[in-house]
Every structure is written in structure tokens, then in C-alpha cells.
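Look over the sequence and the model, then read on.

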Amino acid sequence: MTDHLVDAGVPRDLHAFIAGLPKAELHVHHVGSASPRIVSALAARHPDSKVPTDPEALVDYFTFTDFAHFIDVYLSVVDLIRTPEDVRLLTYEVARDLARQQVRYAELTITPFSSTRRGIEAGAFMAAIEDARKAAEAEFGTVLRWCFDIPGEAGLESAEETVRLATDDRLRPEGLVSFGLGGPEIGVPRPQFKPYFDRAIAAGLHSVPHAGETTGPETVWDALTHLRAERIGHGTSSAQDPKLLAHLAEHRIPLEVCPTSNIATRAVRTIDEHPLKEFAKAGVAVTINSDDPPMFGTDLNNEYAVAARLLDLDERGLADLAKNAVDASFLDEPGKARIAAEIDTYTTDWLAP
Ligand SMILES: O=C(O)c1cccc(C(=O)CC[C@H]2O[C@@H](n3cnc4c(=O)[nH]cnc43)[C@H](O)[C@@H]2O)c1
Ligand SMILES: [Zn+2]
């Protein structure tokens with residue numbers, strides 16, 4: 001893990017503005033958000049794990065040669081989550097870390113298949129995440145909702161289990177709002193998941209698959225055409241297809257942009273080559289996200305600082321980014337209005353002479 005936490009290209013007072021700015025995060029993974037402290041504590045409980053118990057050693061462990069390596073490391077952390085109490089602790093601590101960054105609302109991507117196949121009973125899993133969600137809202141004021149995603153490389157078996165857990169009224173958690181598709185894209189064509197997304201959408205869930213992260217714009221087109229995506233996870237390669245950019249802009253389909261993630265997984269070579277500026281120039285709605293922050297040596301505040309540098313944003317531009325995420329979220333309208341008003345008040349007060 002390379003420490004990206006302070007983007008030196010941004011003035012100190014802009015970092016201070018970002019730190020206090022109320023925010024919403026739409027693309028952040030449950031296990032991927034486990035802090036070094038949590039991962040180390042869980043690794044210490046399971047000596048058979050290859051995950052280091054020392055937070056410092058974890059820095060090197062979270063340094064990836066490519067996307068496939070990232071997935072291997074990610075799954076070694078998934079293997080540490082073995083009981084409902086592990087699930088609850090992780091979820092509550094992730095909410096604490098979000099609250100510390102003034103995140104008022106987050107849609108956390110969870111892969112229930114990966115936990116149920118490792119022996120955690122589905123009902124206990126759902127109870128654990130819901131208990132943590134309600135505790136976090138009461139104690140931190142941070143509103144959490146869930147996105148359940150299919151780990152695509154695990155195939156149609158995982159798709160069936162994920163959509164079953166997402167649509168069975170005896171299991172479906174109250175906080176569930178969306179349905180996604182994660183994992184490697186190479187060799188995992190999106191059209192095969194259409195039946196499962198159709199069932200999720202029919203059950204009232206929003207479609208938010210990853211696409212165009214490690215494959216070309218055709219994967220983004222597939223996510224739009226076959227999976228009826230309302231937002232796109234990453235969509236990085238959309239910049240290679242002007243017609244796709246125009247389509248995303250015309251139909252107001254937001255991209256969940258995770259700049260540092262794309263560098264850490266080698267999906268993009270350098271941060272200055274990231275296509276975020278092309279998206280903005282094409283009028284595409286972009287939201288800024290951290291994806292798997294501790295694994296990528298970043299957090300949401302740093303991602304806003306990176307965006308400020310790449311897009312040359314001032315405080316008002318950053319406030320607009322934050323409101324983009326609120327607008328693109330699946331929070332109810334009163335909740336959206338509340339957070340948007342808080343962003344405006346904070347920004348006005350900050351800029352007051
Ligand atoms: O759980 C299993 O047994 C399993 C078997 C085969 C493959 C997988 C996966 O591919 C799990 C991938 C896992 O990674 C999550 N994730 C986190 N960040 C990203 C990202 O930037 N791009 C794609 N996937 C990501 C994803 O939510 C899955 O949970 C699992
Ligand atoms: Zn992701």
C-alpha cells in the first residue's frame with residue numbers, strides 16, 4: 001500500500017475545507033474498507049492466515065502488481081471475516097471511519113456470497129450488518145445503505161445466491177438499495193448476468209455494476225444495455241469512446257470514479273493520466289469515491305483532494321462534487337435535501353469574509 005493520503009498538489013486550506021465538507025460516498029467496499037487496525041486484529045485471531053498481523057507489514061502486503069494480485073490479497077482479507085461478530089465489528093468500524101471524514105451517507109458494497117460460501121449463515125450475516133447500520137446511524141449520524149454485488153468471476157452460482165439473498169423477503173436487509181457486479185472483468189462478460197439483474201431490478205433494486213475498470217468501453221455499453229445500469233462503477237475506459245461519453249452525459253448516468261484505486265490496481269498508469277478531466281469536459285456526471293481505501297493507502301478526503309488537483313477546483317467546485325454524489329445516490333429525497341443544504345451552509349460559512 002503506497003501512502004497517497006496527502007495530495008501535495010493541493011493547498012493546505014483546501015485540505016482543511018475538504019476535511020469538514022459533508023460528503024456522500026457511493027462506491028466503497030465493505031471488506032475493502034477494513035482499517036489496518038481491524039485487519040491486524042482479525043489476522044491475529046487467525047494465525048493460519050497469510051495476512052500480516054503487524055499494521056506496518058500490511059503496508060507492503062497492500063502493494064499490488066496488477067488487478068489480479070489485488071483480488072488475491074482482497075480474498076485473503078475476506079477469509080478473515082469468519083463470524084457474524086467479525087461482520088458486525090467490521091461494519092461498525094467502517095462506519096466510524098466514514099463519520100470521521102464527515103460522510104453523512106454511504107452506499108457500502110457488500111459481497112454476501114463470499115461470506116455465506118465461507119460458512120457464515122445468511123440470516124446471521126444480515127442481522128450483523130443491519131445491527132451495525134442502525135448503531136452507526138444512532139451513534140455517528142452516518143446513514144448507511146447496502147449494495148449487494150455478484151463476484152462475477154465466481155460465476156452464475158454466485159449470481160444466483162446473490163440475487164436470492166437480495167430478493168428473498170425473509171433475508172433481504174432493510175438497508176439494501178442496489179445490486180452490483182464486482183471482481184475481475186477480463187473473461188467475465190456482463191450479458192450473462194442479465195437474468196439476475198432483471199430479478200433484482202424487478203424487486204426494486206438499482207443497478208450499479210462495475211464496468212470499464214480493467215476492460216474497454218464495450219463493457220460499459222454492455223452494463224448499460226444488458227444490466228440497465230443507473231450508475232457505472234469506475235467506467236474508466238469510457239474516455240476511449242466519444243459516443244459513450246455523449247450517451248452518459250445525455251442520459252445523466254453518473255460514473256463512480258475512484259482515482260487512486262485505478263492507480264493502485266494499475267488500471268491507470270499515473271494519476272495525471274486519469275481520464276477524470278475528460279469526463280468533466282464531456283459533461284458526464286462524476287462522483288468521487290475511495291473504493292477500498294486502506295488497501296489503496298487513501299481515504300475519501302484524499303480522493304477529493306486528488307479531484308481538486310486534476311480538475312483545478314476551488315471550494316465551490318468541491319461542494320458541487322459532493323452534491324453530485326448526493327444527487328446520484330439512492331437516498332430518499334428529504335435525506336438528499338438535508339445533506340445538500342448542509343453542504344451549502346458549510347461552504348457559505350467557510351467562504352464568508
Ligand atoms: O468469494 C469468493 O469465493 C470469490 C471467488 C472468485 C472470485 C471472487 C472475486 O472476484 C471477489 C472480488 C471482490 O472484490 C471486490 N472489489 C473491491 N474492489 C473492487 C474493484 O475495484 N473492482 C472490482 N471488484 C472489487 C468485489 O466487490 C468482490 O467482493 C470471489
Ligand atoms: Zn469497486
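The model is predicted: local features need pLDDT of at least 70, side-chain atom pairs count only at pLDDT 80 or more, and totals for chains, interfaces and linings use all residues. Residues are numbered from 1 along each chain as its sequence is written, while chains are lettered from A and ligands numbered from 1 in the order in which they are written.

**Glu303**
- Glu303 sits in helix 14 (residues 300-311); helices are DSSP runs of H or I, at least four residues, and strands are runs of E, at least two, numbered from the N terminus.
- Glu303 counts as buried because it has 27 C-beta neighbours inside 10 Å (buried: 20 or more other C-beta atoms within 10 Å; exposed: 12 or fewer; partly exposed: in between).
- Glu25 lies 278 residues from Glu303 in sequence, yet 11 Å away in space, C-alpha to C-alpha.

**Helix 5**
- Helix 5 (residues 84-100) has 17 residues.
- Its buried residues include Val87, Leu90, Val94 and Leu98.
- The buried residues of helix 5 pack against elements including strand 1 (23-29), helix 2 (36-45) and helix 7 (122-140).

**Helices 8 and 9**
- Ala159, Val163, Ala166 and Thr167 in helix 8 meet Tyr196, Arg199 and Ala200 in helix 9.

Notes
Contact = placed C-beta atoms within 7 Å. Expected span 1.5 Å × (residues − 1).
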